[in-house]
Amino acid sequence: MNDNEEGDIKDLVLKEDASEEKLAGRFFTPQRLADFVSDWVLDQPDNNIINILEPSVGDGVFLNSMNRHRDIIDTANIIAIEIDEEVSKEASNKNDEYAWVKGWKECDFNKEIINDDFYVAYKNGLEEKKFQAILGNPPYIRYQYLEKEQRDEQSLIIKKNGMKPNKLINAWVSFTVASISCMDVNSKIGFVIPAELLQVKYSEALRLFLASHLNRITIVTFEDLVFDGVEQEVVVLLGEKIEDDARHDIRIIQLGNLEDLENINIDANEYFDADLHSSKWTKYFLPDEQLELVNRIERDNRFIRFSDVAKCEVGITTGNNKYFCVDNDTVNQYDLRQYCKPLIARSVNIKGAQFTIDDWTENIQSGARTFLLDLARFDKSTFNTGLLAYIKYGEENGHNSSYKCSIRDEWYKVPSVWVPDGFFLRRNYLYPKLMLNTHVVSAVSTDTMHRLVFNGGIDGKRIVVAYYTSISLLFAELEGRSYGGGVLEILPGEVGKILLPNVFNNRNFNDDMVDRLFNIIDHYIRNNDDIEGLLDIMDREILINGLGMRNYEVQLIRDSWLNLRKRRLTRGGRNI
């Protein structure tokens with residue numbers, strides 16, 4: 001089976017399970033939010049608005065909002081596009097001054113609601129019109145739910161604007177990119193889009209695109225969910241193009257809910273220089289002094305990236321953890337011990353800063369799944385009768401039918417099983433955990449944890465000692481993303497970007513000191529849920545005494561970490 005066939009099968013499964021709302025990406029905007037966006041976009045000097053675009057009109061809520069500005073819209077050309085025929089007719093009925101037009105080719109560019117695909121309009125000359133005001137709520141449609149022709153059009157838009165298309169990109173991304181390319185030299189855009197804009201990997205290229213193509217960016221975020229009955233966190237993107245202005249500035253404004261829009265004073269919030277090399281915007285949530293310190297530390301040669309000392313890769317993808325991760329009773333029942341490797345399968349199995357034989361023994365005694373069935377190194381002719389019985393049990397109970405298993409030549413052989421030097425937990429609550437893998441155990445892990453390989457000559461204890469400081473935990477928050485329930489998810493490439501104090505080849509950190517601090521870390525993590533008490537010790541020893549940072553700088557870094565963590569946990573419904 002080739003990659004295209006694999007993708008087609010996945011797409012069919014996704015479409016079968018998708019609701020009509022997901023397939024259409026249709027979540028209608030609350031009137032109060034539409035009013036706020038319209039007011040901001042249409043507030044332009046000298047009333048220079050000639051052309052206005054609404055690329056996904058829906059039920060016409062933004063058209064209704066624009067009616068509050070008759071002095072502008074009475075003389076402007078307004079184009080509103082909606083792919084759904086019934087929805088577009090409904091919007092036209094609510095706004096009777098707009099003509100309903102079937103298809104972009106029939107448009108005469110006055111005040112019209114066009115029943116067509118935005119991608120078709122874009123391909124057929126929309127970009128050439130140039131708009132001074134663009135506003136709306138683009139559809140949130142996953143790549144897998146788009147029709148093939150729409151996927152092709154989306155890819156062309158993404159590539160045309162210097163970005164790389166992939167199967168993770170949602171339709172709102174291409175709508176945003178296309179709309180910005182339609183902006184005039186002096187113009188504004190206001191979109192309601194998913195909060196994924198701020199931090200997820202597939203939005204990275206879009207963030208850099210926005211930062212380089214807009215002179216001013218304002219992001220308005222909300223603690224509460226905006227759409228009734230929909231678990232979709234959104235932000236408001238407000239962008240400006242300003243002719244002959246070389247600056248690229250950004251600011252993020254945090255609100256509680258839609259009611260706070262009534263009293264917001266946008267201009268009371270300061271802009272920052274947009275970092276055209278930074279892939280995440282999380283740092284712009286920090287207050288001025290904290291953000292300035294973060295920017296200085298990124299340029300400080302006393303700190304290095306995690307990728308300078310270790311390589312981070314995803315854990316083992318078994319295709320069926322329930323089958324391949326087994327407990328001691330199953331190992332004994334089927335005589336599997338010679339075919340198994342010690343396993344850390346869940347975050348609760350992480351006790352300290354290193355995984356010891358005592359930890360593994362304790363997990364075995366608790367009944368945890370502490371063995372991974374590793375058959376890739378064996379020929380089937382050498383399997384014992386117990387293993388053959390276990391494979392038969394798996395086939396009789398459908399354990400071989402999961403997607404990852406079904407595409408293997410021998411479904412029961414898990415690929416890419418190797419012993420790493422350490423582990424980094426993929427999803428975390430209070431703080432991201434890092435631990436060493438002792439050679440006495442030589443454990444492996446599933447993809448709940450990332451696998452670390454230390455660069456040649458690097459002492460793993462030094463990596464642990466460097467990591468457990470306020471600096472590194474702050475950068476873990478900056479590089480990771482807020483997952484459901486307030487969990488911080490951090491991917492291998494993001495782990496590599498975490499800053500570490502450079503305790504390597506530094507006379508201030510001898511081996512005795514590193515051993516002492518490592519033991520303190522291990523003991524503390526084993527006996528405490530949170531880590532602030534440990535950071536008091538590590539920040540003093542590493543950052544202040546070792547690297548010469550000032551007390552107030554370290555306190556600012558700690559406050560920055562706590563601010564971002566509190567925001568993540570609060571938005572996830574957790575209290576701390």
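This is a predicted model: local features need pLDDT of at least 70, side-chain atom pairs count only at pLDDT 80 or more; totals for chains, interfaces and linings use all residues.
In helix H20, the residues Met513, Val514, Leu517, Phe518, Ile521, Asp522, Tyr524 and Ile525 are buried, where buried means under 20% relative accessible area, exposed means over 50%, and partly exposed lies in between, using a 1.4 Å probe and protein chains only. An α-helix has 3.6 residues a turn, so residues three or four places apart point the same way. The face of H20 turned away from the buried side carries the exposed residues Asp512, His523 and Asn527.

Residues are numbered from 1 along each chain as its sequence is written, and side-chain values use heavy atoms, with hydrogens and water left out.

When I speak of helices (H or I, at least four residues) and strands (E, at least two), I mean DSSP runs, numbered from the N terminus. H20 takes in residues 511-527, 17 residues in total, and reaches 25 Å from its first C-alpha to its last, close to the 24 Å expected at 1.5 Å a residue; that expected span is 1.5 Å times one less than the number of residues. At the start of this helix, a side-chain oxygen of Asn510 comes to within 3.2 Å of the backbone nitrogen of Asp512.

Which elements cover the buried residues of H20? The cover includes strand S15 (354-355), strand S19 (434-437), helix H17 (460-467) and helix H21 (532-546), where contact means heavy atoms within 4.5 Å.

Let me turn to the salt bridges, of which a search of the whole structure finds 38; a salt bridge here is a side-chain nitrogen of Lys or Arg within 4 Å of a carboxyl oxygen of Asp or Glu. One of them joins the side chains of Glu153 and Lys123, at 2.9 Å from N to O. Glu153 lies in helix H8 (residues 148-160) and Lys123 in helix H7 (residues 118-129), so the pair ties together parts that are 30 residues apart in sequence. Glu153 counts as buried at 11% relative accessibility, whereas Lys123, at 47%, counts as partly exposed.

Lys160 forms a salt bridge with Glu127, with the closest N and O atoms 2.7 Å apart. Here again Lys160 lies in helix H8 and Glu127 in helix H7, so this pair ties together parts that are 33 residues apart in sequence. Lys160 counts as exposed at 55% relative accessibility, while Glu127 counts as buried at 19%.

How far apart in sequence are the parts that Glu477 and Arg568 tie together? These two residues form a salt bridge whose closest N and O atoms are 2.6 Å apart. Glu477 lies in helix H18 (residues 470-479) and Arg568 in helix H22 (residues 551-571), so the parts that they tie together are 91 residues apart in sequence. Glu477 is buried at 4% relative accessibility, and Arg568 is buried with a relative accessible area of 3%. There is also a network of salt bridges, which links Arg216, Asp245, Arg247 and Asp249.

Next come the strands, where two strands pair if DSSP finds at least two bridges between them. An open sheet of four strands has the order S13-S16-S14-S20, with mixed pairing, and its edge strands, S13 (325-326) and S20 (444-445), each pair on one side only. Within this sheet, strand S14 (residues 340-344) and strand S16 (residues 371-373) pair in the antiparallel sense over three bridges, and Pro342 has Phe371 in S16 as its bridge partner.

Thr370 lies in the loop between helix H14 (357-365) and S16. At 0% relative accessibility, Thr370 counts as buried, and, leaving aside residues up to four places away in sequence, Thr370 touches Val326, Asp327, Lys341, Pro342, Leu343, Trp360, Asn363 and Ile364.

Note on methods: A polar contact is a pair of N or O atoms within 3.5 Å; within protein, one must be able to donate a hydrogen and the other to accept it, and residues adjacent in sequence count only if both atoms are side-chain atoms.
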